[in-house]
Amino acid sequence: MPEFEPLKSENDLKEVIKAAFDADLAVSGAWGYTQALPTVIEASDIPVKQLEHMLASMRAYIEMNMTLPKEERYGSINLNEIDRKEIHVDDLVYDKVTYEITAMKEETYAAFINEYKEGLGTEGFDITEHFNQRKKATITRNEDYWFEVHQTL
């Protein structure tokens with residue numbers, strides 16, 4: 001499986017999210033790779049779990065698509081929460097969330113979509129085999145994301 005570079009935290013997280021996704025979020029800190037460098041959720045109008053998923057999706061999309069050369073980019077990036085721990089350290093509360101991330105090469109994904117659109121309903125199109133091939137082309141990785149959440153409790 002390919003290795004993805006952790007995102008650097010030199011720029012203001014809120015500004016990066018605004019520039020990349022046109023979203024105004026009350027966040028600060030880093031990209032949440034460790035407890036020492038969490039994403040700080042300062043406030044949220046949506047449920048915190050939902051915001052955490054959105055932030056983790058943004059991080060994965062930047063890592064796996066936006067920062068890579070076109071031929072190395074991944075698409076069809078999906079995250080599912082597989083583990084969650086609430087950790088208390090002094091007056092701080094952290095959510096350590098593990099996500100299963102699935103994706104496939106962007107060009108491969110586009111080819112599968114075209115094959116599906118052209119083949120569906122035609123004689124000889126084996127939909128089971130189509131989805132088996134899609135599954136084989138999909139990579140899976142598990143990643144932790146640290147959120148500092150005490151300000152939202």
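This briefing describes the sheet, the helices and the nonpolar core of one protein structure. The model is predicted: local features need pLDDT of at least 70, side-chain atom pairs count only at pLDDT 80 or more, and totals for chains, interfaces and linings use all residues. Residues are numbered from 1 along each chain as its sequence is written, and side-chain values use heavy atoms, with hydrogens and water left out.

**The sheet**
- Strand 1 and strand 2 (residues 37-41) pair in the antiparallel sense over 4 bridges, where pairing requires at least two DSSP bridges between two strands.
- Opposite Val27 stands Ile41 of strand 2.

**The nonpolar core**
- The largest nonpolar core has 29 residues, of which Ile17, Leu55 and Met64 touch the most other members.
- Such a core is a set of buried Ala, Val, Leu, Ile, Met, Phe, Trp, Tyr and Cys residues joined through side-chain atoms within 4.5 Å; buried means under 20% relative accessible area (1.4 Å probe, protein chains only).
- Helix 2 gives the most to this core, with 7 residues.
- Not counting residues up to four places away in sequence, Met64 touches (heavy atoms within 4.5 Å) several residues, including Phe4, Tyr74 and Ile101.

**Helix 1**
- At the start of helix 1 (a DSSP run of H or I, at least four residues), a side-chain oxygen of Asp12 comes within 3.2 Å of the backbone nitrogen of Lys14.
- Asp22, which follows helix 1, has a positive phi near 50°.

Note on methods
Buried means under 20% relative accessible area, exposed over 50%, partly exposed in between (1.4 Å probe, protein chains only). Helices (H or I, at least four residues) and strands (E, at least two) are DSSP runs, numbered from the N terminus. A polar contact is a pair of N or O atoms within 3.5 Å; within protein, one must be able to donate a hydrogen and the other to accept it, and residues adjacent in sequence count only if both atoms are side-chain atoms.
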